[in-house]
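Subject: Structure handover

Dear colleague,

Here is the structure I said I would pass on. My notes follow below it.

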Amino acid sequence: MMKRSVVHTRMNLIRLRSGYKIRFVATAFCATTSKAVHTSNTCRRKMDLKRDEILLLFDVDGTLTRPRVKIDDDFKEFLYKKVQPRATIGLVGGSDLEKMFEQLSGREIMEKFDYVYPENGLIQYEKGVEVGRVSVAQHLGEDVLKRFINFVLKYFSELDIPIKRGTFVEFRTGMLNVSPIGRNCSAKERQEFFEYDNKYQIRQQMINVLKKEFSDIDLTYSIGGQISFDVFPNGWDKTYCLRHATKGTNFKEIHFFGDKTDPGGNDHEIFADPRTIGHKVTSPEDTKRQLMELLKIE
């Protein structure tokens, strides 16, 4: 038993240093899990894979950009000149395509990224061409949508927070985005609400109420970004994009980079999915550091 404890301690230290999730922990030490540690030796062999054998999927906010801020030009150049020639690259974000354009320098992402997955991958683009989409309205039906939206708006009418702006419920193709402060807030107001929410858990408290009120509906609630949370049918989280990315492809490894990887965050499900190698990042700078290590970029 003493030996087993020591091994798990070393594994945890490796995870904290590297930013990787544990994916296939050695079965010799733990038969109850199918996850393993990715050490620096794993990183050193990545370039043995051809470009079409490795897929890198990226979250946007907190991963490639600061929240709701445009991508840094130097980091964009690094992605396109250093990363893209070495690996297949894709975007998977919770926002719609227009918001991706706003943050990632417009429509050029449709040419530079092999895959673009807005709204958790519920809309799929491959090499700039839309190849599929699903609709939350069709899945849930108008009666459920009206009941949900009416309840949310009534809840907000009674919610006392320091400031409120506009666009409290944003209807998207594959989900609803719910914001207590309203998506029309300024960057300064966004940051102020984020700090207020961290202290008082406004979003999480509302999610708890919604889970109870709509327990009869198959809905998932996922906190992402600074001011809102997403609502979508069970299974329509970011792992949805893997249905497309793994179909008819030759990928030996799929890596995902995201910042909201803890339970309840909108990157958690794909980060923890056994089909991916998850990388928890803290900023675009951290993403770049981990990419340089993974792909052996000098």
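This is a predicted model: local features need pLDDT of at least 70, side-chain atom pairs count only at pLDDT 80 or more; totals for chains, interfaces and linings use all residues.

Residues are numbered from 1 along each chain as its sequence is written, and side-chain values use heavy atoms, with hydrogens and water left out.

Helix packing

Helices (H or I, at least four residues) and strands (E, at least two) are DSSP runs, numbered from the N terminus. Axes are lines fitted to C-alpha atoms, for helices over the stretch in contact, and angles run from 0 to 180 degrees between N-to-C directions. Angles under 35 degrees count as roughly parallel, over 145 as roughly antiparallel, 65 to 115 as roughly perpendicular and the rest as oblique.

Helix H3 (residues 73-83) and helix H12 (residues 284-295) have axes that come within 11 Å and cross at roughly 15 degrees. The two helices are therefore roughly parallel to each other. The crossing of H3 past H12 is left-handed (the near helix is turned anticlockwise from the far one by less than a right angle; clockwise would be right-handed). On the H3 side the contact (heavy atoms within 4.5 Å) involves Phe75, Phe78, Leu79 and Val83, which meet Pro284, Thr287, Lys288, Leu291, Met292 and Leu295 in H12. By class, this contact has 8 nonpolar, 1 polar and 1 charged residues. For the classes, Ala, Val, Leu, Ile, Met, Phe, Trp, Tyr, Cys and Pro count as nonpolar, Asp, Glu, Lys and Arg as charged, and the others, Gly among them, as polar.

Helix H9 (residues 202-213) packs with H8 at an angle of about 60 degrees, with the axes 6 Å apart. That makes H8 oblique to H9. H8 contributes Phe193, Phe194, Tyr196, Asp197 and Tyr200 to the contact, and H9 contributes Ile202, Arg203 and Gln205. These residues divide into 5 nonpolar, 1 polar and 2 charged.

H9 also meets H7: their axes come within 12 Å and cross at roughly 140 degrees. H7 and H9 are therefore oblique to each other, and H7 passes H9 in a right-handed crossing. The contact is formed by Arg147, Phe148, Phe151, Val152, Tyr155 and Phe156 of H7 with Gln205, Met206, Val209, Leu210 and Glu213 of H9. Here the division is 8 nonpolar, 1 polar and 2 charged.

Cavity and pocket

Grid points are joined across faces, edges and corners, and a volume is the space filled by probe spheres set on the points.

The whole structure has 1 cavity of 30 Å³ or more. The largest cavity holds about 40 Å³ and is lined by Val136, Leu140, Val144, Leu145, Phe148, Leu176, Leu219 and Val231. Its lining has 8 nonpolar, no polar and no charged residues. H7 gives the largest share of that lining, 3 residues.

The largest pocket contains about 430 Å³ of space. Of its 32 lining residues, Asp61, Gly224, Gly225, Gln226 and Asn266 are the closest to its centre. The lining of the largest pocket divides into 7 nonpolar, 14 polar and 11 charged residues.

Loop residue

Ser95 sits in the loop between strand S2 (88-92) and H4. Leaving aside neighbours within four places in sequence, Ser95 is in contact with Pro118, Glu119 and Arg172.

Regards

Terms used. On a 1 Å grid over the protein atoms alone, a cavity is a set of points where a 1.4 Å probe fits but cannot get out, and a pocket is an open set with protein on both sides within 12 Å along at least five of seven lines; lining residues have an atom within 4 Å of a point.
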